[in-house]
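Me: I'd like to learn how to read the place where two chains meet. Could you walk me through one, step by step?

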Amino acid sequence: MTNRPFDLLNESVGKDVLVRLKGNMQIRGTLKAFDVHMNIVLENAEELTDEEKPKTKFGKIILRGDNILLISP
Amino acid sequence: MTNRPFDLLNESVGKDVLVRLKGNMQIRGTLKAFDVHMNIVLENAEELTDEEKPKTKFGKIILRGDNILLISP
Amino acid sequence: MTNRPFDLLNESVGKDVLVRLKGNMQIRGTLKAFDVHMNIVLENAEELTDEEKPKTKFGKIILRGDNILLISP
Amino acid sequence: MTNRPFDLLNESVGKDVLVRLKGNMQIRGTLKAFDVHMNIVLENAEELTDEEKPKTKFGKIILRGDNILLISP
Amino acid sequence: MTNRPFDLLNESVGKDVLVRLKGNMQIRGTLKAFDVHMNIVLENAEELTDEEKPKTKFGKIILRGDNILLISP
Amino acid sequence: MTNRPFDLLNESVGKDVLVRLKGNMQIRGTLKAFDVHMNIVLENAEELTDEEKPKTKFGKIILRGDNILLISP
Amino acid sequence: MTNRPFDLLNESVGKDVLVRLKGNMQIRGTLKAFDVHMNIVLENAEELTDEEKPKTKFGKIILRGDNILLISP
């Protein structure tokens, strides 16, 4: 098994990722950092509508790992 | 008892799986990796509609184990 | 107290069980394996509608223990 | 304090109990066993409608402790 | 700080308490016992409607601590 | 960093606080005590409607920390 | 990886942050303190409507980490 989930997160630092949270929220931004709880830091983050169009700009943002459904690098 | 849940996951690496998440999401893709929390990595992942038709293409994706309902290899 | 919940699971390996998950899902299949988190593996699994008629066929399936409401051997 | 919650469970083995689960489910059956997570085994279990009439017969059943709201011996 | 939450529970043994659970349920009864998980035992318990009128009589009842919102002695 | 969340709770003992719980409940009362799980005891507690008008009087009350969204001294 | 999620929180002490909680609540205020559970203290906190206009003023406030979706400095 070549790369485990946290290896993939690690390789994705500095790249753009799409994150879905519970409660139907989608955020896109540049992955800056994460920790063992899968809490993550994004830069140039923006919330997307259901149609994946920009809705709210956040700049830097911390997303709590518990509430993350998926992360797509 | 021949194979425990994580043995079956292990045997499924490299194969296509269907994953259902809380909040009624379905993802299909090739299982690349997993960890002890059942966080998983899929490749060529795509979200399916309720009728199991493709909806969103993700490429690589990390799914958080907490929110997984079922995995079908 | 003759048999604890995990003893009953153990006795049910190889038999058909009905499983209800959070979010109103019902799955029927042959219990192949389980672990201490009550994650279970079913074979010849199929999702049932509310009227307990077959809806989706899964073949092998891993169900995550956290989201299981009940298992009926 | 004469009997703690698990003492009462212990005294109720062999007796009929009513169990309410999250998601508005009610099950009645004979308590056969339980474990430290409050996972319980019922025999001659049946699901009740909101009006407490029988709806589905289960025979033996394992209920996962996490999702139990109340148990009434 | 005179009494911590579990001290207040301890003082309330033998008295009538009102308990609210997740999912909008209210139970009134005499507190008989509790444990470190805030699982509690009530006697002469009855479920109340939203207007706090009696709805279902339970006799003895075990309420699982996880799902308790508040206890009012 | 001058005061951590539990320091602020400690300073608030004896003062009126507003607490919001999951499921849209709001309680106001005098903070009497708390523990490491953020379980709290209020005195002269009353539930407020959405418009923050009094709805139900509780007297003493234990609120379970898990289900607390915010506490405002 | 330059700064992990808690480093970013630490750098944000004394600055204004926007916090989203489960159940669709948004709070803006000055970050005063936090702990390892991501419980946070805000000063001059106010709840925002969906259109991000002020709705309720709280002054000091403790937000429970469990229920936080995101924090944007």
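Reply: Happy to! Let's begin with charges: a salt bridge is a side-chain nitrogen of Lys or Arg within 4 Å of a carboxyl oxygen of Asp or Glu. Between chain D and chain E there are 2 salt bridges. Note that this is a predicted model, where local features need pLDDT of at least 70 and side-chain atom pairs count only at pLDDT 80 or more, while totals for chains, interfaces and linings use all residues. Residues are numbered from 1 along each chain as its sequence is written, chains are lettered from A in the order in which they are written, and side-chain values use heavy atoms, with hydrogens and water left out.

Me: Which residue forms a salt bridge with Arg64(E)?

Reply: Asp66(D) does, and the closest N and O atoms are 3.9 Å apart.

Me: Which element gives the most to the side of chain D that touches chain E?

Reply: Strands (E, at least two residues) are DSSP runs, numbered from the N terminus. Here S5(D) gives the most, with 5 residues.

Me: How does S5(D) pair with chain E?

Reply: Two strands pair if DSSP finds at least two bridges between them. S5(D) is joined by 2 bridges to strand S4 (residues 54-63) of chain E, and the two run antiparallel. Within S4(E), Leu63(E) is the bridge partner of Leu70(D).

Me: How many residues does each chain bring to the contact?

Reply: Contact means heavy atoms within 4.5 Å. Chain D brings 21 residues and chain E brings 22 residues.

Note on methods: Helices (H or I, at least four residues) and strands (E, at least two) are DSSP runs, numbered from the N terminus.
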